[in-house]
Amino acid sequence: MARSARPVVHYMATLPDGTVPPTSRHLARYYSGLGETIPTVNLADHTGETIDHPTPGERWYTDKPFSYFHMYTRPGEILERIEDGWPVRLFVVEPLGQTGNWGADFAPHWLMSQQIRVLEETDSWRAFGHRGAQVLAVLAQLPDLARQWATEWAADPEGTRRIYKAWETRVDDTRVLTDWALWRARYSRREAALQAANQLAGDAAAQAATDAGAEPHAVALIRLRARCLVAGQLMHDRIRTGAYEQSLRGLLLGAGLDTPIAIPA
């Protein structure tokens, strides 16, 4: 007996207050500067309801600051159009009526419509893909980890610098972050998730290391270590085939710096 196809789930991300961000921040800023109020919809106020777009634009162009409802079938790409970044709220919606996008080849994982049914709010970690819960756990640990790494650096600056330099050289030579993690993220529709996680990790670690009094070079390498760690967490299931890929995953997780952090499968 053939298995039934998995149902397609459409996700929409909102700002933390539940409102849908503008389709175009550029147009929103322009018209706000002219004194116009930019319309929006608060999905949290309409759970279980069918809602029409308040200012539908021409299908399917961005001709107004808020032109259409924009949803994703691949949650790991949701954050690509959220200019305010993390955190977000995440809703499961059903597109109704005519739908479209900018071409199936260009963006097969996202859809536009001018009417939706708001089914439910779901866990926001899904915006980082199916390993989102683990990614958020690592991000929450990073300030403490960065302070620990800064303390270790201060205790033995020259020795730690040599260790980090050898690790950084391997990261650069293998392109484990810029090629391996990035391309695997693209193939598995997690590119936006990886970019957001990298930014959050780098910023959190750099701030914590700076606050701990680390010198600039140490801050830069601690920031790189944090970015690699969160990438290794996010892409743990996609960089795993064979001994070489496992060594790359270990490099992301900090192999050569100290005992790599344990990562749930």
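## Legends for close-up views

**View 1. The largest nonpolar core of the predicted model.** This core has 60 residues, and those with the most contacts inside it are Leu-79, Phe-128, Leu-142, Trp-149, Tyr-164, Trp-167 and Ile-222. Its largest share, 11 residues, is supplied by helix α6 (residues 216-234). A nonpolar core here is a set of buried Ala, Val, Leu, Ile, Met, Phe, Trp, Tyr and Cys residues joined through side-chain atoms within 4.5 Å; buried means under 20% relative accessible area (1.4 Å probe, protein chains only). The model is predicted, so to speak of local features takes pLDDT of at least 70, side-chain atom pairs count only at pLDDT 80 or more, and totals for chains, interfaces and linings use all residues. Residues are numbered from 1 along each chain as its sequence is written, and side-chain values use heavy atoms, with hydrogens and water left out.

**View 2. The surroundings of Leu-79.** Which residues touch Leu-79, leaving aside its neighbours within four places in sequence? They are Trp-86, Val-88, Ala-127, Phe-128, Ala-192 and Ala-196, with contact meaning heavy atoms within 4.5 Å. Another core, of 13 residues, lies apart from the one in View 1; Val-20, Phe-66, Phe-69 and Val-93 are among its members.

**View 3. The elements of the chain.** You will find 7 helices and 7 strands here, taken as DSSP runs (helices H or I, at least four residues; strands E, at least two) numbered from the N terminus. Along the sequence they follow the pattern β-α-β-β-β-β-β-β-α-α-α-α-α-α. Of the 265 residues, 47% count as buried.

How values were computed:
Buried means under 20% relative accessible area, exposed over 50%, partly exposed in between (1.4 Å probe, protein chains only).
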